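Please consult the sequence and the coordinates alongside the text.

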Amino acid sequence: MPEQTITLHTYFRSSCSARLRIALNLKSIPYTSIPINLLKNEHHSNQNTSLNPSASVPTLIIENPEHTNDGKTIIIPQSLAALEYLEETHPTAHPLLPPTSDPTARATVRTLANIIACDVQPVTNMRILKRVAPLGVDRETWSKELVEDGFRAYEAIAEKTAGTYSVGDEITLADVCLLPAVWGAERVGVDLGNFPVIKRVRERLEEVEAVRRAHWRSQDDTPEEFRVGDKQ
């Protein structure tokens, strides 16, 4: 029986794209990557904006067999919505939310994910940084300070909930969002030594093979100068 096919429009350094790469890998969901080169403005092409009106990445595209009840193409152009979709459609394949019997833990996971998505990621976004540049501020310093603000909020919550990972001992949506943000934070000079819980969770996450394969240095569109050995 034909199965659904999943395509991810992605960019190697996009932290939002990395969230989905991690989740898809953890859930062992096969997918095809379509690189969208942000430096070449491919995200502004008609082809991309017809799928993603925000002119961004990622875009998750799910094509279902026509003979099934949901035989249609589903397009999700926002990473958090796509993560929730994957969780709802593949709930038993490496669940990324605590059980419904623990609504408090589920709310905590979503809170941490939203700290990253709403407070941290936007200030490292290329589109935002380009808008800031004409204001005469040092983009890297501006971004670094705001990322640190977000990490302080994340750390304050996670230090009360963390086990092996941010909330307990299982990888959740919070971790899926956190790790790509850590990769971006390092590029603007954030010292993770100031955030011991985040630092420890990051180290544990990068021990997981499915997570390592999602690293920005290991993608098909990663330029050769940024690669580290074989794909992780």
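What volume does the largest pocket have? The largest pocket has a volume of about 1,200 Å³. This is a predicted model, in which local features need pLDDT of at least 70 and side-chain atom pairs count only at pLDDT 80 or more, while totals for chains, interfaces and linings use all residues. Residues are numbered from 1 along each chain as its sequence is written, and side-chain values use heavy atoms, with hydrogens and water left out.

**Pockets**

A pocket is an open set of points on a 1 Å grid over the protein atoms alone, where a 1.4 Å probe fits, with protein on both sides within 12 Å along at least five of seven lines; lining residues have an atom within 4 Å of a point. A volume is the space filled by probe spheres set on the points, which are joined across faces, edges and corners.

Of the 47 residues that line the largest pocket, Leu38, Thr124, Asn125, Met126 and Arg127 are the closest to its centre. Its lining draws at least three residues from each of domain 1 (5-90) and domain 2 (103-214).

The second largest pocket is lined by 16 residues, of which Asn25, Tyr31, Ser33, Arg213 and Gln219 are the closest to its centre. Helix H1 gives the most to this lining, with three residues; helices (H or I, at least four residues) and strands (E, at least two) are DSSP runs, numbered from the N terminus.

**Domains**

The bounds of domain 1 and domain 2 come from an automatic or database domain assignment. Their centres, taken over C-alpha atoms, are separated by 21 Å. In contact (heavy atoms within 4.5 Å) are 17 residues of domain 1 and 21 residues of domain 2.

**Helix packing**

Helix H3 (residues 79-89) packs against helix H7 (residues 173-187) at an angle of about 145°, and their axes lie 11 Å apart. Axes are lines fitted to C-alpha atoms, for helices over the stretch in contact, and angles run from 0 to 180 degrees between N-to-C directions. H3 supplies Leu80, Leu83 and Glu84 to the contact, and H7 supplies Leu173, Val176 and Cys177. These residues divide into five nonpolar, no polar and one charged.

How values were computed: Nonpolar A, V, L, I, M, F, W, Y, C, P; charged D, E, K, R; others polar.
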